[in-house]
Amino acid sequence: MIPFFLAILGLLLLVLLLLAFDKWCRVGGPLLALTGVLVAEVWRRRLLPVSGVILIVGQVFLPVILGVSPADEDGLRTLLDYGQGWIALVLLLVTMMMSCASLSDERESGRLGFMSLRPGMELRWLPGKWAGVIGAVLVMLIPATTVLYLQVSLESPEAGNRRAKLPITALQFEVTEEDIDSFLLFKLEESPLEWGLQSPEESRRRAKRYLERQARSISKGGKSYLDFDLPPTQEKSVQLSLRPAMGKAHRSRVARLGVKVGDYSQEILVTNGKRVTVDIPLKESGSNQVQVELEFAGAVAEEVNIPAIYWIDDDSVQLKVTRGSFFGSLARSQALLLIRCAFISALSLCVSTFLGFPVAILFGICFLIAASGGGFAGAFEDEGASVMVDPRQETTARYLIDRLAAAGSQIVSGLKAWANSNTSEIVSAGEFVSWTRLGRGLFIIGGLWSGLALVAGTLVIRRTEHATGDNR
Amino acid sequence: MSESVIEVSGLWKVFRDFWMRPRVEAIRGIDLKIQKGEVFGLLGPNGSGKSTTIQVLLGLLFPTRGEVKVLGGNPGSSESKKRIGYLPEDSVFYPFLTGREMLNLCARLSQVPEDCRKSRVEELLRMVGLTAAADREIGDYSKGMQRRIGVAQALIHDPELIILDEPTNGLDPIGVRQVKDWIRGLQKRGKTILITSHLLADVEEVCDRVSILYGGKVQDEGEVEDILEHQNQSQWITTTPKEDQVSVIRECFRDQGVEVISLNGSRRSLEEKFLETVKMARSDGEVTAGAEEGGQLPSFLGGEAKGC
Ligand SMILES: Nc1ncnc2c1ncn2[C@@H]1O[C@H](COP(=O)(O)OP(=O)(O)OP(=O)(O)O)[C@@H](O)[C@H]1O
Ligand SMILES: [Mg+2]
């Protein structure tokens, strides 16, 4: 009964929003007139209604298809994960279709030339259509997100009301230049023979590696102190979330770990690679710094030897503070999706000023694949590995290749901004999506990248001939 | 009649392929001068470069060589776009918009003031006889109906220069008649009109001057009156004479030194029959899904009655 009701609600909302958007396009200047044409196009050519139904109905039946219920924690996470993924998948594809189909069709039918005969049109094509696509995406995004939210909150009201958590990483995991300076100062005094004979860069690099390893591991019987900067909070407790790695030890090996924060202390059992969370009461001391003392007491079983445990990723040790509502995070995350769609639209519009529909679509898909790969790009970054250049090799060719490589890595690191704006996993983990992240996405992807694509496309339109004959 | 609206000298247009190799020399040195208030016809067989010339004038194609001035400016400048109305050769309108929406869109894009927009659209729909079909999608229109919408959109912003690429193509005889009347009417209101057509009879009737193109060059140009010099022949239409009267009449002519070249019985023309049948059907209140009887030019177009 509930899915049926949700589907009707979602579709109704979609139609209402579309009508409102269409009405808005009917008043106003030439730019909005063009936007209105795009809306009419995607509606009357059935692209929007069909994909809207697929989106909403698919979303409504997702719990049935996945066989999960949002009532339990795991089910909730799965539903959120797949729900947001489904919405993103459909919307990104539809965005690409709408943008490419519309402009390619204008061009190939000769309408681009014909309509450009109205004054000022060359500058309006891309922005007008872009606004239309963004509007159409919003018209689909709002109902789909509403359905997802209702699915979660109707089934388990406490899940709907739950608060999002902001994960905080230990200060020591971020080795700063100052840390390195003071470490080197100390080491040079302690063992000048060992540290004083290397080149300054070499010793800095070594110091950094050393400090990182030190912060991220505890040997058996040893202790480690991790500091966290908490944002101001009213909450009485924070959550400590741990996921240790135990070297070559078997996956099921269990070890003992002592946790101490202020007066509070407890011994917990941790398993290799599994996440555990501990609630830690906060004292109303007013200080925002929390120091966590971790003591590694070794394996539980006598015959097993686990020499050390490691915190491999930044999220291996985190303090989680309650921050904002779940709904707020979901909304910001979906806004980031809208921003990504906006860029995909700008890119598609830009390439379809000179490519036909199938090729333009292919281009967009290639971008999506490359960009989602951009998230892994960080794995290959190795700051210490700048190559020594032999002056004899400083030829022009070498210079060119270096420039090319630099540009390539610039692009790849740019694509990381894309991966950073994909926050659906953060939301389904119940974590907090910050306004800063939204702002950064809006500025880089929605502003800079999209703007560039629109400007490039407009230049192409202005510089090319568009005869009005069919298929010329 | 001295201000020239279009000035073209030594225009060349070479179409190139992807690798910039020349493929077609569509126009090879055309000179044109069209005066204000004139109806000018561009004639020529298929592929002689008429549409290409027009698209260069509109700034849709860039000239390979030569000088082009339209309304005193460069082709394709924002200023000239406001003052030109264009009916393309192929109907390239949004197939998913209705006729009324299409006209509205064109009016908005041309920044026709909002209070005039509605009345202009309705007047033009009435003029082209599409009021009843105005809320159907253009994709569902017949070819001639699309032409009619095309004519309407070319006039919506009350342009000074009207360029019609084969305006009568696909129109029924009534439509052709009306287009000719509209062209004459527009000329009276001070518009300059450039048309292309294969239907020489139409051109002959409405144009002041024509250019005949072939192979991308102007082969002949001049006033219609001058080009069509009178041959030493004339045609009389009489009631049909009887067998024996014919020989008497021939005799008579011979005595006067006039030679009878041919003599044939006249039939009613198909056009007359067609017009009569359609007129009867209309007066019987027959319903059509197509175009209806069109009307006069709306008053907003140039002339005395300025405003909306
Ligand atoms: N975009 C183009 N690319 C290549 N060749 C073209 C292009 N447009 C026109 N041509 C060629 O230019 C020549 C002139 O074409 P144009 O359309 O001007 O002829 P036209 O006089 O309008 O003919 P029609 O009476 O059939 O409309 C033709 O040979 C045509 O093939
Ligand atoms: Mg032509």
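In this predicted model, the crossing of α14(A) and α16(A) is left-handed. Helix α14 of chain A covers residues 396-420 and helix α16 of chain A covers residues 435-463, and their axes come within 10 Å while crossing at roughly 130 degrees. Because angles over 145 degrees would count as roughly antiparallel and those from 65 to 115 as roughly perpendicular, α14(A) is described as oblique to α16(A).

On the side of α14(A), the contact is made by Gly414(A), Leu415(A), Ala417(A), Trp418(A) and Asn420(A), and these residues are joined on the side of α16(A) by Arg437(A), Ile444(A), Ile445(A) and Trp449(A).

A second pair of helices can be followed in chain B. There, helix α3 (residues 99-109) of chain B packs with helix α5 (residues 143-155) of chain B at an angle of about 25 degrees, and the two axes lie 9 Å apart. Since angles under 35 degrees count as roughly parallel, α3(B) is roughly parallel to α5(B). The crossing of α3(B) and α5(B) is right-handed.

The residues that meet in this pair are Gly99(B), Met102(B), Leu103(B) and Cys106(B) from α3(B), together with Ile149(B), Ala152(B) and Gln153(B) from α5(B). In the contact of α3(B) with α5(B), 5 residues are nonpolar and 2 are polar, while no charged residue takes part.

Conventions
Residues are numbered from 1 along each chain as its sequence is written. Chains are lettered from A and ligands numbered from 1 in the order in which they are written. This is a predicted model: local features need pLDDT of at least 70, side-chain atom pairs count only at pLDDT 80 or more; totals for chains, interfaces and linings use all residues. Side-chain values use heavy atoms; hydrogens and water are left out. Axes are lines fitted to C-alpha atoms, for helices over the stretch in contact, and angles run from 0 to 180 degrees between N-to-C directions. Helices (H or I, at least four residues) and strands (E, at least two) are DSSP runs, numbered from the N terminus. A crossing is left-handed if the near helix is turned anticlockwise from the far one by less than a right angle, and right-handed if clockwise. Contact means heavy atoms within 4.5 Å. Ala, Val, Leu, Ile, Met, Phe, Trp, Tyr, Cys and Pro count as nonpolar, Asp, Glu, Lys and Arg as charged, and the others, Gly among them, as polar.
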